[in-house]
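Here is a short walk through a model that you can follow with the sequence and the 3D view side by side. Keep both open as you read.

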Amino acid sequence: MKKRVVSLLLAVMAVATLAGCGLNVNKSKDKETEVTTDNGETLAALTTDEYMTLGEYKNITVDVTKAEVTDEDVETYIVDQLLAGYGNGVELAPDEAVREGDYVEYTCVGKIDGEIFDGGSTPEGEVWTMELGSGGMIPGFEEGIVGMKTGETKDVAATFPDDYHEPSLQGKEAVFTIHISYAERTEGADELNADVLEYYGFTNEEDCRTQVRKQLLAQAETEFRQSFESAVLDAVYDNCTFHQTPQFLIDTFKKSLEDYYQYYADYYGIPLEDFIVDYVQMSMDAYQEQNNTIATMYANQYVLYEAVFDAEGMQLTEEDLKAEADQTAEDYGYASTDALYEDFGESEFRDYVMVQMVIEKILDYAKDVNNVVYDDSVYATEE
């Protein structure tokens with residue numbers, strides 16, 4: 001994967017999405033320092049006070065509750081996931097109607113007011129797939145397919161939600177001419193018998209319920225952490241006043257976003273516009289507007305985290321950076337730190353580590369204020 005894509009993805013994982021910016025964080029508050037971006041431009045490192053006023057970040061209180069895992073949750077998971085997913089998929093006979101839970105392959109042509117619209121039709125030579133009942137399509141689409149048979153073609157009416165991401169389609173009713181080319185149904189099971197237990201690798205029913213509970217507890221812990229951390233970081237962002245956003249940062253992040261989508265367009269061997277319209281299902285105008293909005297938010301986040309980094313008097317020493325790089329290289333299977341830097345970029349990785357340091361500092365304050373203690377025991381694995 002290209003460096004620019006890795007940079008953006010790891011940045012998103014870091015929440016602040018700063019990797020790929022390539023700005024040197026070793027700056028002085030008293031003077032501007034020249035830095036160089038990936039495209040060779042020399043830019044003056046920003047002075048955060050010019051762009052924003054840092055708000056409260058040490059005493060953030062949020063209302064986030066961890067979900068409990070009940071016996072009913074365990075049994076529901078066993079029925080909905082284990083029993084329903086037991087066995088291999090079996091192709092449906094041509095005279096057998098599809099139902100929720102079935103896997104289907106289909107092609108479609110979408111029209112609004114009798115005219116084909118962008119993103120609503122299967123590209124020539126391709127098929128789309130989905131699990132019926134997954135809820136991933138607009139209202140009416142999946143419901144209209146239920147009851148169809150392999151080889152059947154049918155017009156299905158569906159309405160785009162009022163808050164659909166593509167403004168030109170919001171609230172519009174469309175008609176999709178759908179053809180089912182293949183349908184498959186997982187066998188499933190009615191009870192937790194010996195065959196099902198063996199299929200999933202459980203020794204007995206007690207072991208099954210114990211392992212399911214552990215999985216659900218780990219899931220609840222992960223969701224709690226994500227919700228807590230997002231709520232805290234969102235609150236810190238909202239507490240700040242942004243006077244203006246550095247345009248060069250907006251441009252940098254827009255370029256990273258564009259490179260990200262271009263990478264996948266190249267992967268599929270199609271022009272970027274075709275990828276955006278057919279796969280992302282947005283018009284190019286909406287795509288560019290979205291990129292600008294996201295890039296502006298990322299740029300503001302960069303300024304915010306720089307401000308906290310300075311306010312806390314934080315430092316990232318070369319020794320600490322190397323230790324973090326060595327560990328990351330080992331965790332992600334790189335042959336060496338140099339190989340990591342070659343793929344990711346040393347300045348980008350420095351920004352990534354800086355952001356992680358700032359986020360950890362903010363969250364440590366919030367955990368103290370909210371009396372939150374993470375439960376690492378739910379992730380423990382048996383030796």
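## Starting at Thr 337

Thr 337 sits in helix 10; helices here are DSSP runs of H or I with at least four residues, strands are runs of E with at least two, and both are numbered from the N terminus. With a relative accessible area of 15%, Thr 337 is buried. The scale behind that word is simple: buried means under 20% relative accessible area, exposed means over 50%, and partly exposed lies in between, using a 1.4 Å probe and protein chains only.

The side chains of Thr 337 and Asp 326 are joined by a polar contact of 2.3 Å. A polar contact is a pair of N or O atoms within 3.5 Å; within protein, one must be able to donate a hydrogen and the other to accept it, and residues adjacent in sequence count only if both atoms are side-chain atoms. Setting aside neighbours within four places in sequence, Thr 337 is in contact with Ala 325, Asp 326 and Ala 329, where contact means heavy atoms within 4.5 Å.

## How to read the model

This is a predicted model, in which local features need pLDDT of at least 70 and side-chain atom pairs count only at pLDDT 80 or more, while totals for chains, interfaces and linings use all residues. Residues are numbered from 1 along each chain as its sequence is written, and side-chain values use heavy atoms, with hydrogens and water left out.

## Nonpolar cores

Which residues have the most contacts inside the largest nonpolar core? They are Phe 349 and Ile 362, in a core of 46 residues. A nonpolar core is a set of buried Ala, Val, Leu, Ile, Met, Phe, Trp, Tyr and Cys residues joined through side-chain atoms within 4.5 Å. Two or more residues each come from helix 5 (205–239), helix 6, helix 8 (284–311), helix 9 (318–331), helix 10 (337–344) and helix 11 (346–369). Another core lies apart from this one and has 24 residues, among them Leu 92, Val 98, Ile 112 and Ile 145.

Back at Ile 362, the contacts beyond four places in sequence are Tyr 57, Val 232, Leu 233, Val 236, Tyr 305 and Val 308.

## Strand 9 and its partners

Strand 9 (residues 173–186) pairs with strand 4 (residues 89–91) in the antiparallel sense over three bridges; strands pair if DSSP finds at least two bridges between them. In this pairing, Glu 91 stands opposite Glu 184 of strand 9. Strand 5 (residues 103–112) is also antiparallel to strand 9, over nine bridges, and there Glu 105 has Tyr 182 as its bridge partner.

Strand 8 (residues 153–159) runs antiparallel to strand 9 as well, with seven bridges joining them. Here Lys 154 stands opposite Ile 178.

## Aromatic rings

The model has 26 aromatic pairs, counted when the rings of Phe, Tyr and Trp (its six-membered ring) have centres within 6.5 Å; planes under 30 degrees apart are stacked, over 60 edge-to-face and the rest tilted. Take Tyr 260 and Tyr 264: their ring centres are 5.3 Å apart and their planes are at 70 degrees, so this pair is edge-to-face. Both residues lie in helix 6 (residues 247–268), four residues apart, about one turn of the helix. Tyr 260 is partly exposed at 23% relative accessibility, and Tyr 264 is partly exposed at 25%.

One aromatic cluster is made of Tyr 106, Phe 117, Trp 128, Phe 141, Phe 160, Tyr 164 and Phe 176.

## Cysteines

How many disulfides are there? The count is zero, a disulfide being a pair of cysteine sulfur atoms within 2.5 Å. Cys 108 is buried at 3% relative accessibility, and Cys 240 is buried at 8%.

## Loop residues worth a look

Most residues other than glycine have a negative phi. Asp 113 has a positive phi, near 55 degrees, and lies in the loop between strand 5 and strand 6 (115–116). Asp 113 is exposed, with a relative accessible area of 75%. Gln 281 also has a positive phi, of about 60 degrees; this residue is in the loop between helix 7 (272–280) and helix 8 and is partly exposed at 27%.

Pro 94 is found in the loop between strand 4 and strand 5 and is exposed, with a relative accessible area of 62%. Pro 94 and Ser 181 are 87 residues apart in sequence and 9.9 Å apart in space, C-alpha to C-alpha. Beyond four places in sequence, Pro 94 is in contact with Lys 149 and Thr 150.
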